[in-house]
Amino acid sequence: MKISASVKILVSIFFLVAVSISCKKEEPATAKKKNNTAEVKRLTIIGDNYFENYNFKDAYPIYKKIISLSDPEKDRIDYVDALISIAYIQQFDGNYLESESTATKVLPHLKYLKKPRFAWETYKIFSTNYLATNDYDNALIYAKKAYNLNTTVRRKANALANIALVYMHQNNCKKAIKIYIQLTTTGYYGNKKKANTLKDFELLDYAVMRSNIGVCYFSLGDSKALSYHKEALKIRLKLNDMPNLPDSYSNLSNYYLKSDPLLAKKYAQKAYKYACIVDTYKQKKYALETLIKTSTGNDLKKYSNLYIHLINDINEVRLSQKNQFANSKYNFRKDKEENLELKAQKTENELEMQRQKNRSFISYLIIFVSAMALVFIVFYVIKKGKKESNAEVFKNEMRISEKLQFELEKDIDKILLFSENHNLEKEGNKEEFLAYLNKIYSKTRNISRKNSEIATGENFEKGLKEMISGYTSLELNIIINGLNTFSWSKIDRIKKITIYRVVQEIMDLMKTLNNASLASITFKKEDKNILITYIDNGSERQDYSTDSNKRFSNIENRLKSVKGFFHISLNANRSFKIFIKLPI
């Protein structure tokens with residue numbers, strides 16, 4: 001805001017000087033933007049060829065270059081296609097937050113694109129990302145949005161299959177089976193069209209759905225699962241469907257895990273082999289999980305280490321891409337502000353040209369020198385402010401990086417020590433070891449989501465509630481009061497972000513500093529202030545009054561920026577209480 005105010009003041013001074021001297025100014029020349037359409041078309045063919053052959057590593061930089069060269073309006077179709085392809089690649093790599101962020105950039109262009117396939121692809125990406133992060137409500141919303149589009153028969157069927165996939169993950173297997181049976185028998189491929197009459201691209205979809213029917217039957221403990229798994233595998237081998245072969249072998253490995261361990265391991269090894277060829281995060285993770293379940297001794301240690309390295313690698317990629325995303329947002333804001341400044345100067349120049357045609361050379365020289373000095377000051381102020389903003393972005397990303405390193409180092413050391421000191425061939429030890437692995441995966445995913453961008457629009461109340469509810473566990477029950485007793489839409493965006501982060505940090509601190517079993521957080525609007533009260537029944541006494549500067553300094557700094565304050569106290573019954581007040 002300070003930069004914006006400075007720019008306005010300087011521009012106003014420039015305008016007043018110009019009027020008072022009444023001198024002619026030359027209109028600055030505008031550079032003509034280079035036409036890259038031909039190059040964009042050429043790169044699109046190359047990138048699509050890599051993508052269709054599952055060579056995502058080579059496709060990714062091609063699509064990034066397309067985006068940098070494209071005119072988003074003139075080359076809109078190729079530009080949007082590149083964004084969608086990048087979002088898919090990020091999704092395949094398990095980087096769901098960045099995939100969602102990339103797909104979001106497509107949304108403003110959809111109203112200009114007549115073909116519904118762009119909207120269908122975008123909604124499918126959103127649905128899959130939400131499904132992967134266990135946000136089933138939003139996954140179902142976007143799967144239905146894709147289904148409701150006026151698109152081709154195949155996409156209609158695919159969207160309906162995605163709806164069934166959400167039901168499957170919600171353990172509503174019977175409902176999912178009903179949809180899949182309908183699609184593969186009397187559904188969108190004609191009147192009871194048989195599998196052997198389907199075209200190859202239809203057969204690929206058919207195999208996915210038959211495989212998912214097998215997964216559903218396996219979850220229900222029904223032996224019919226085997227025939228569906230084998231049918232899907234046969235089709236995928238025939239069509240050389242590399243991206244889905246790992247899932248077929250992993251499904252069969254899970255099926256034979258108890259009845260035939262040797263066969264289960266054989267299928268698990270094949271699953272990992274094909275997953276490494278395709279090199280997608282989801283398939284490699286699933287294959288390694290099946291290998292761990294079927295292995296013992298040195299093999300178990302080998303595949304467990306591979307699993308740990310896979311989780312570490314994806315976290316490093318997510319952090320690296322988060323830094324790139326932050327820089328791209330920073331550069332976009334910078335370009336936008338500079339363009340607005342140039343437009344303001346151009347408008348002033350046009351006014352001066354109309355009023356000041358007959359002034360002397362001396363007056364012209366004075367205004368020219370003054371204008372150059374003012375422009376220099378304007379850009380100096382902007383550059384200085386942007387450096388400070390960039391430093392703050394870098395500081396925040398380093399904080400996330402340190403948190404990931406600190407959280408993961410302890411858990412990885414712990415799990416390696418456990419594998420060295422315990423016999424992993426014993427069933428109890430193996431289950432505990434797998435629980436450790438899942439804990440690492442869940443923790444890294446939660447850290448990634450915790451530091452993601454906050455929605456401050458109409459979904460802010462829902463997002464805040466979901467964030468608080470996420471701290472509920474078997475040991476801790478949280479009661480939320482008053483969250484919907486007033487309108488959040490009238491509250492400033494910066495203050496909503498501050499409230500979200502302050503509450504988040506309180507919950508983090510209480511989770512580590514206290515042993516409470518019951519907590520409540522109350523929101524209340526009083527006059528022109530928001531009051532937030534946190535209370536829990538923790539029995540461990542901490543000297544919060546002397547230690548608050550260290551432990552609660554970040555909360556205090558956030559509140560100071562919006563003229564708020566907080567107070568910490570211990571009640572007579574030893575319960576812990578935090579009171580927060582900030583103006584609307």
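Helices (H or I, at least four residues) and strands (E, at least two) are DSSP runs, numbered from the N terminus. The model is predicted, so local features need pLDDT of at least 70 and side-chain atom pairs count only at pLDDT 80 or more, while totals for chains, interfaces and linings use all residues. Residues are numbered from 1 along each chain as its sequence is written, and side-chain values use heavy atoms, with hydrogens and water left out.

Consider two helices, H18 (residues 460–469) and H19 (residues 493–513), whose axes lie 10 Å apart at an angle of about 10 degrees. Axes here are lines fitted to C-alpha atoms, for helices over the stretch in contact, and angles run from 0 to 180 degrees between N-to-C directions. H18 and H19 are therefore roughly parallel to each other (under 35 degrees; over 145 is roughly antiparallel, 65 to 115 roughly perpendicular and the rest oblique). H18 contributes Phe460, Gly463, Leu464, Met467 and Ile468 to the contact, and H19 contributes Lys496, Tyr500, Val503 and Gln504; contact means heavy atoms within 4.5 Å.

Serine 85 belongs to helix H4 (residues 76–92). Serine 85 is buried, at a relative accessible area of 10% (buried means under 20%, exposed over 50%, partly exposed in between, with a 1.4 Å probe and protein chains only). Leaving aside residues up to four places away in sequence, serine 85 touches Phe51 and Tyr63. Alanine 59 is 26 residues from serine 85 in sequence, and their C-alpha atoms are 8.7 Å apart.

Another serine, serine 250, sits in helix H12 (residues 245–256). Serine 250 is buried, with a relative accessible area of 1%. Its contacts, not counting residues up to four places away in sequence, are Ala271, Tyr286, Ala287 and Thr290.
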